[in-house]
Structures are given as C-alpha cells and as structure tokens.
Amino acid sequence: MKHRLTQLLAALALGAAVSLPALASKDVVIAIDQNFTTMDPYDANDTLSPAVAKSFYQGLYGFDRSMKIVPLLAESHVVSKDGLVYTLKLKRGVKFHDGSDFNAEAVKVTFDRVTNPENKLKRYNLYKNIAKTEVVDPYTVRFTLKESFSPFINTLAHPTGVIISSVALARLGKGIAQSPVGTGPFRFVEWKQGDFVRVEKFAGYWRKGYPKVDTLTWRPVADNNTRSAILQTGEAHFIYSVPYEQAEVLKSKPGIELTASPSIIHRFMSMNTQQKPFDNVKVREAINYAINKEALIKVAFSGYAIPADGVLPRGMEHALKLGPWPYDPAKARELLKEAGYPNGFESTLWAAVNNTTWVKAIQFLQQQLGQVGIKVQVQALETGQRVEKVESAKDAASAPVRMYYMGWSSSTGEADWAMRPILASESFPPRMYNTAYYKNDAVDADIAKALNTTSADEKDKLYADAQRRIWKDAPWAFLVTEQLLSARNKKLTGMYVMPDGSFDFNEIELK
Amino acid sequence: MTGYIIKRLFGLLPTLLIVAVLVFMFVHLLPGDPARLAAGPDADPQTVALVRQDLGLDRPLPEQFVSFFTRMLHGDFGASMRTRRPVSTEIAERFTPTLLLTLSSMGWSVILGMSLGVVSAVFRNQWPDRVGMAVAVSGISFPSFALGMLLMQIFSVQLGWLPTIGADSWRHYILPSLTLGAAVAAVMARFTRASLVEVMQEDFVRTARAKGLKERTVIAKHCLRNALIPVVTMMGLQFGFLLGGSIVVEVVFNWPGVGRLLVDAVSTRDYPVIQALVLLFSLEFILINLIVDVLYGLINPTIRYH
C-alpha cells in the first residue's frame with residue numbers, strides 16, 4: 001500500500017512537472033504480418049481476423065493458451081445419448097457493448113444467421129451441421145445437429161463461433177462487419193483501412209477487473225524489417241511473426257523478449273500415391289528415410305521447429321508419438337533398389353507458398369533426394385498457380401501434382417480437422433486438400449466412426465489406429481512441426497501466441 | 001483554350017473504355033479461382049459454390065462483362081471480394097494518404113531537383129556540377145526500399161526522432177516523403193541540367209548576353225523558361241507514377257495508401273478492386289497529361305491549341 005502511495009505521488013509530481021496526465025492511459029499496440037479482411041468472424045477465412053475480433057467478441061466456449069477448451073459465455077453442456085442434441089446453460093448477467101442482455105435469444109439469432117445459406121457467409125461450412133437452435137428458457141439453449149458430430153464443442157469454441165448482439169444485428173444487418181457489437185473485454189472504436197483497428201476497454205465487461213489496459217491497437221505491418229523496427233522504437237509492444245533471420249538480432253536487444261511457442265502447424269511433403277513411382281510404399285518409405293529433418297530445421301527454420309513425431313502434431317489431443325522417422329540414406333537406397341529403382345527416378349516437387357522459408361525448404365529437400373538418386377525439379381507456387389494446378393485438379397488420374405510441400409493447422413484444434421481434410425479419401429482435390437490422393441478404407445472408417453462416437457476412450461482408440469496405419473503407409477514425408485516466433489517489449493505481459501497462430505490476450509497488461 | 005480542354009476531356013472517354021475492356025480481360029485471365037481463394041482453406045465445395053454465386057462468378061464471362069460495364073457507367077464499381085465493402089469507399093479511404101504523400105514528395109523534390117539542375121548547368125563541369133550530379137546519380141541508383149530502411153534505421157530506431165509507421169501527423173510524412181522524393185529530385189536535376197545546357201548554347205542566349213543583360217536575367221528569364229518544356233513533361237510523368245502509390249515505399253512505411261491496396265487486391269484476386277484501381281491510374285495519367293499540355297501553352301506562348 002505504501003509502495004503504491006509513493007508511486008502515485010511520484011506520478012503526480014511528474015504530472016505536475018511535465019504536465020502529463022497523472023495516470024497515463026495504457027495503450028498497447030500489436031503489429032501483425034497480415035492484413036485483416038473483416039470484423040465479422042463468420043465471414044472470415046483467415047486465422048487473423050477472428051483473432052483480432054476476440055477483442056470485442058466472445059464465443060460460448062473458447063480455447064486457452066494451450067488449446068484446451070474453456071467455457072466462456074456458456075456454463076455447462078449436456079449431450080443426448082445419440083450425440084445429436086446439445087443443451088447448454090448460459091452465463092447470466094453478461095451485457096453486450098450496446099447495453100442489451102446476453103441470452104439464449106442472442107445465441108439463436110447468431111447461429112440462425114450463419115446456418116442460413118442465403119446469408120452466404122464464408123464459415124457456413126463449419127456450422128451447417130446445426131439443424132436448429134432453440135431457446136429453452138432465457139438462459140438455456142438447445143442445438144440439434146443433422147448428424148452426430150463428436151467435436152461439436154470444439155466447433156463452438158472455434159474463434160469464429162462468437163455471439164453477436166441480436167439488437168445490433170437487427171439494426172445493422174450486413175453492416176455488422178464494420179461495426180461489431182459483442183460481449184468482449186474491449187469495445188470496437190475504429191477500423192482505419194490498411195492502418196489499424198482500435199478497440200477500447202469496455203467498462204461493463206463481465207469479468208471484473210479486466211481488461212487491464214485502456215486501448216488495444218492492431219496494426220497490420222507486412223514488411224519484416226518495419227515490424228522489427230517499430231518494436232525497437234516502442235511504436236509497437238508486440239510483433240508477430242518474427243522472421244527467422246531477425247530472431248538473432250532481436251534477441252540481443254535489451255528490453256525485448258523473443259518467444260518461440262509451440263504450434264499445431266505441421267509441415268510435410270505429400271506424394272501422389274495414385275501415380276508411379278509413388279504408388280509403391282517402398283518408394284515413399286525411402287523418401288522418408290532420405291530426408292534429414294534436423295538439418296532441414298537448421299537450414300529452413302533457423303532451428304525454430306521440431307521434427308514431426310507423428311501424423312498429428314505433438315500436443316494435440318489424441319496425437320500418437322510414432323517417430324520421428326529416422327534419417328538413413330543407405331536404407332533409402334536399398335528400398336529404392338527393392339522397389340525397382342536402383343538408379344532413382346525423376347519427378348517434380350512443388351511448394352504451396354512462394355516465400356524465402358518455403359523456397360529454402362524445397363531446395364533442401366531437392367538436395368536430400370538427390371543424394372539417393374531422386375532428381376526433382378522444384379517450383380514454389382504463387383497463390384493463383386496453387387489454386388489452379390493443385391486445388392482445382394478435376395480427378396485423381398489427371399492431377400499433375402507429384403511431390404508437394406505443404407502445411408496444415410487444424411483450425412478447430414482437434415484431430416478430426418487435422419486428418420479428414422488432408423488424409424481421408426473424401427477429401428481429394430478439388431473438394432479438400434488430400435494432395436497425396438491417399439485412400440485407405442480402414443483409415444476412412446476410423447475417421448468417420450470417431451466423428452460419431454461420444455465416448456472419449458473409443459475415440460482415442462480409433463484415432464490411434466488411423467495414425468498407425470497412416471504412418472505405415474507413409475503417404476507423406478513427415479517433416480517438421482513449426483514453432484511460432486513472436487517478440488514483445490518486456491513491459492508487456494499476458495500476450496500469447498496460441499498453437500494455431502491465434503492470440504490469447506485476456507491477461508494483457510502494460511507495466 | 002477552354003474549347004481545347006473540353007475536346008480533350010471528351011477524347012478521354014474512348015481511352016478509358018479501351019482500358020476497361022483490357023483490364024477486365026487481363027484480370028480474368030490471371031490464374032487462380034477467386035471464389036476458392038475467398039472461401040479459404042477450410043471451405044468445402046458447397047461453400048465455394050456459395051461464395052462463387054455471391055461474387056457473381058458463376059455466370060458466363062460475357063454476361064459478367066456486360067454487368068460490370070453497365071454498373072460502371074452508373075458509377076458503381078461493385079463491392080470488394082475481400083472485405084465486401086463498396087470499391088469506391090475502399091479506394092477513397094486509401095486515396096487521400098497517397099495523394100498527400102505524393103504532393104509532399106513532389107513539392108520538395110521538384111524545388112530541390114530543379115535548383116540542383118540549374119546550378120549544375122550554370123557551373124557546368126565545375127565542382128558544383130560534379131557534386132550535384134554525383135548526388136543525382138546516387139539518388140537514381142539507390143533503390144527506394146533500401147533508402148527507406150536506412151532512413152528508418154537512423155532516424156527512428158537509432159535516434160528516435162521520427163515515427164516509423166502511420167499517417168497521423170506531419171511528422172509521419174517526413175521519412176516516406178524523403179524516400180519517395182529522392183528519385184524524383186534526382187531525375188528532375190538531370191533533366192533540368194541537360195535541357196538548360198542545351199538552351200544555353202542557342203543563338204538567342206548569345207544575343208541576350210550581347211545586349212548586356214545580367215547573367216542572372218539571361219538564365220532565369222531567357223534560358224530557364226525555354227528549358228522547362230521537357231522538365232514539365234517529366235514532372236507530369238513522375239507525378240502520375242507516384243499517384244499510383246509507390247508500392248515499395250508504402251509497404252516499407254506501412255502507408256495506408258492505394259499501392260498496398262493494389263498488392264492486397266492482386267494477391268487475393270479481388271477483381272473489382274483491381275479493375276477500379278487500374279482505371280483510376282489511367283484516368284490520373286490522362287488528366288496529368290492534359291494539365292502538362294496546358295502548361296506548355298503557358299510556358300511557351302508560341303504553342304497554340306485548337
């Protein structure tokens with residue numbers, strides 16, 4: 001107490017001396033490498049926009065820093081035996097920024113909006129399984145699903161699954177994307193296109209004593225050097241991402257702390273299993289043996305990654321540790337000989353993204369494959385090319401993709417979305433991204449069954465079986481799991497990058 | 001003169017028309033499906049179809065062109081595919097920062113560049129010329145992103161005198177304006193010098209000197225005015241380029257202008273925004289050319305327009 005008093009006196013004295021306000025307002029600036037597209041999470045296809053929208057919106061559930069599900073606006077839920085009906089108890093006494101009450105009606109209006117295809121929202125896909133949303137009483141809501149779907153609570157916890165004020169929605173319609181009204185810790189102030197989004201503390205926030213800062217400014221700053229410069233000048237308190245080549249520079253600056261946090265971003269190289277020579281499992285195994293993952297991490301990720309030790313990234317629920325796949329070029333050559341390619345073969349290797357890190361990675365892979373006699377031509381695809389050549393390919397037989405270096409992060413943070421879109425046979429392009437054109441009926445069955453079961457044990461068994469089979473079939477070269485690099489001013493605490501590249505800033509504070 | 005200007009303004013319409021047709025075609029020829037891009041990595045075919053329908057991309061190309069064209073004639077450029085806001089608002093918000101930055105860069109660089117050019121021409125092959133042209137050549141050769149980063153490192157990071165990003169106060173304009181204007185100043189200096197040197201060898205200059213006029217009057221009144229025509233042309237061109245938003249400088253200083261908007265639009269295949277921006281840039285060039293032509297008449301009264 002005494003300490004605080006002296007602080008206050010000191011602040012007052014300082015205020016009097018230089019005529020600054022006695023209690024300086026706490027403004028935090030966060031600079032991010034991409035631009036946000038919309039302030040309506042249901043219409044956002046990126047990770048960043050909903051992450052920023054968490055300043056003013058909240059969902060019924062959410063993820064904590066380690067991607068564990070925590071209730072936010074919901075208190076608890078009950079699932080019916082058939083897994084089709086979810087009844088949720090809601091938190092009482094929560095207000096929206098426009099003063100209206102948070103209740104079951106708001107939940108219903110929000111989900112009716114996204115599940116109606118007429119509204120053409122980009123996240124329709126994620127919520128279309130909801131058949132209806134009903135108000136049981138003002139603080140109880142009931143979701144009925146079309147098909148049972150065990151990770152439904154994960155879907156609700158997805159950063160896009162936020163509750164919008166029904167009053168504001170009725171008033172603004174589509175304009176809600178420009179003037180969001182939610183229950184979050186901050187109230188939306190201004191979105192200056194290309195410059196910043198600013199939010200201010202919401203006095204009526206239901207978590208007492210929060211937030212601990214007065215305003216938050218989110219700035220999209222695309223240029224790597226500029227982002228690092230504004231952290232050093234103090235114009236930003238937190239930057240994400242930090243390019244690998246700047247990591248060492250920032251590490252050495254006083255007052256700045258560099259953080260490498262775990263991610264669920266998996267990097268792998270898919271091999272078109274329907275085409276020669278990749279239809280032979282020995283060839284696919286050989287390629288896995290041919291790549292030195294540790295060296296790849298040093299070359300392309302400056303050490304900020306870990307070798308992939310399974311089909312699912314480490315740390316994800318149901319992830320099974322199966323690897324990493326050992327580096328053994330001699331064994332690779334032997335396997336190639338057994339497969340009938342004693343002198344190797346020629347092929348192509350594409351990367352899904354064209355930037356330095358990706359180009360370095362495929363060049364390294366090219367070199368490693370060359371060591372065992374596989375000569376590949378490499379090409380990093382620009383976005384449009386990628387959509388054209390890989391994602392829009394009509395069928396498996398004519399798809400031009402062979403080896404394809406890509407990444408995936410499950411946006412709902414759970415196993416289903418980390419496997420189904422990239423490994424189930426229903427997900428061949430152009431539907432989804434199974435660029436290995438991998439088809440294993442047992443794996444398909446495991447994934448489908450796991451969706452329908454409500455028993456956690458059963459689910460664990462099914463996913464373990466699927467992962468073992470996939471690892472054995474090796475439709476990919478399993479490479480690395482990335483780490484996320486961010487840097488902050490040491491005065492800032494409570495700001496975290498989550499494993500999916502979103503942010504946790506509930507405890508954000510500026511000393 | 002007024003008649004001429006009106007005539008030119010009418011002549012502008014067919015040019016814009018051709019640009020509109022070309023840009024529509026080129027944009028739709030770009031590889032990549034915008035619906036797929038807009039729907040995002042998690043979308044299934046059904047959602048992509050929804051998005052495609054919403055963006056009007058499911059209709060045949062000629063039909064899309066007709067609707068784009070008729071709406072454009074009514075001054076409606078559609079909505080951005082990325083943000084769903086009207087393209088006109090999207091561009092209007094970004095245009096002012098670019099315009100202000102362009103004006104501030106052009107202001108100092110034209111004055112400095114021309115003075116440098118005049119001094120170099122007058123003291124041709126003497127040390128002021130050598131210094132001036134050395135500066136000018138470095139200005140042209142130094143890439144603007146490198147200059148931007150250098151200035152930022154010195155004045156923002158090391159000395160802490162100036163802000164790095166944003167466009168809120170006059171102090172925010174200093175570094176980007178210096179970066180953007182450096183090349184312009186250099187070009188202006190070179191052009192002024194070359195043109196002035198040429199004019200100074202003409203007969204009428206000798207006559208003026210022979211009349212006993214002061215050297216200062218000869219240079220300022222007789223030579224400079226005649227040397228201005230190519231300089232003004234160059235000035236117009238540079239102005240046009242800068243108004244298009246210097247992509248590099250806008251990215252380095254995170255300037256909320258049209259250059260960055262164009263980059264974002266191209267990477268997400270935001271057709272309506274790309275089309276409107278290219279049309280806007282063409283219009284700017286045509287208008288600037290018109291102004292330059294009018295200036296010719298003012299500088300040299302022997303030029304007459306009909």
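First, the ground rules. The model is predicted, so I follow its confidence limits: local features need pLDDT of at least 70, side-chain atom pairs count only at pLDDT 80 or more, and totals for chains, interfaces and linings use all residues. Residues are numbered from 1 along each chain as its sequence is written, and chains are lettered from A and ligands numbered from 1 in the order in which they are written.

Let's start with chain B. It has 13 helices and zero strands. Helices here are DSSP runs of H or I with at least four residues, strands are runs of E with at least two, and both are numbered from the N terminus. Along the sequence, the pattern of chain B is α-α-α-α-α-α-α-α-α-α-α-α-α. Its C-alpha atoms fill a box of roughly 85 × 55 × 30 Å along the principal axes.

How much of chain B is buried? Of its 306 residues, 39% are. Buried means 20 or more other C-beta atoms within 10 Å of the residue's own; exposed means 12 or fewer, partly exposed is in between, and the C-beta atoms are placed from the backbone.

Now contacts in chain B. Two residues are in contact if their C-beta atoms, placed from the backbone, lie within 7 Å. Take the contacts in chain B with a separation of 6 or more: 72% of them join residues 24 or more positions apart.

On to helix packing. Two packed helices are described by the angle between their axes and the distance between the axes. The axes are lines fitted to C-alpha atoms, for helices over the stretch in contact, and angles run from 0 to 180 degrees between N-to-C directions.

The cut-offs: under 35 degrees is roughly parallel, over 145 roughly antiparallel, 65 to 115 roughly perpendicular, and the rest oblique. Helix 8 of chain B passes helix 10 of chain B in a right-handed crossing. Right-handed means the near helix is turned clockwise from the far one by less than a right angle; left-handed means anticlockwise.

Which residues meet there? From helix 8 of chain B they include B:L180, B:V184 and B:F191, and from helix 10 of chain B they include B:A227, B:V231 and B:M235. By class, this contact has 16 nonpolar, four polar and no charged residues. Nonpolar covers Ala, Val, Leu, Ile, Met, Phe, Trp, Tyr, Cys and Pro; charged covers Asp, Glu, Lys and Arg; the others, Gly among them, are polar.

The next pair is helix 5 (residues 87-122) and helix 13 (residues 271-299) of chain B. Their axes come within 10 Å and cross at roughly 55°. Helix 5 and helix 13 of chain B are therefore oblique to each other. This crossing is right-handed. Helix 5 of chain B contributes B:V87, B:E90 and B:I91, while helix 13 of chain B contributes B:P272, B:V273, B:A276, B:L277 and B:L280. That contact counts seven nonpolar, no polar and one charged residues.

Next, where the chains touch. Chain A gives 37 residues to the contact and chain B gives 44. On the side of chain A, the elements giving two or more residues are helix 4 (124-127), helix 7 (224-233) and helix 13 (383-391). That side has eleven nonpolar, 16 polar and ten charged residues.

Now into chain A. A:R267 sits in strand 12 (residues 256-271). Is A:R267 buried or exposed? A:R267 is buried, because 26 other C-beta atoms lie within 10 Å. Leaving aside neighbours within four places in sequence, A:R267 contacts A:G407, A:L479, A:V480 and A:E482. A:R267 and A:Q483 are 216 residues apart in sequence, and 11 Å apart in space, C-alpha to C-alpha.

Last, the backbone. Most residues other than glycine have a negative phi, and most peptide bonds are trans. Here are some exceptions in chain A.

The peptide bond from A:K276 to A:P277 is cis, with omega near -5°. A:P277 lies in the loop between strand 12 and helix 9 (281-290) of chain A. A:G323 and A:P324 are also joined by a cis bond, with omega about 0°. A:P324 lies in the loop between strand 13 (305-307) and helix 11 (329-338) of chain A.

Then positive phi. A:Y437 has phi near 45°, and lies in the loop between helix 14 (415-423) and helix 15 (441-452) of chain A. A:Y437 is buried, with 24 other C-beta atoms within 10 Å. A:A474 has a positive phi of about 45°, and is buried, with 23 other C-beta atoms within 10 Å.
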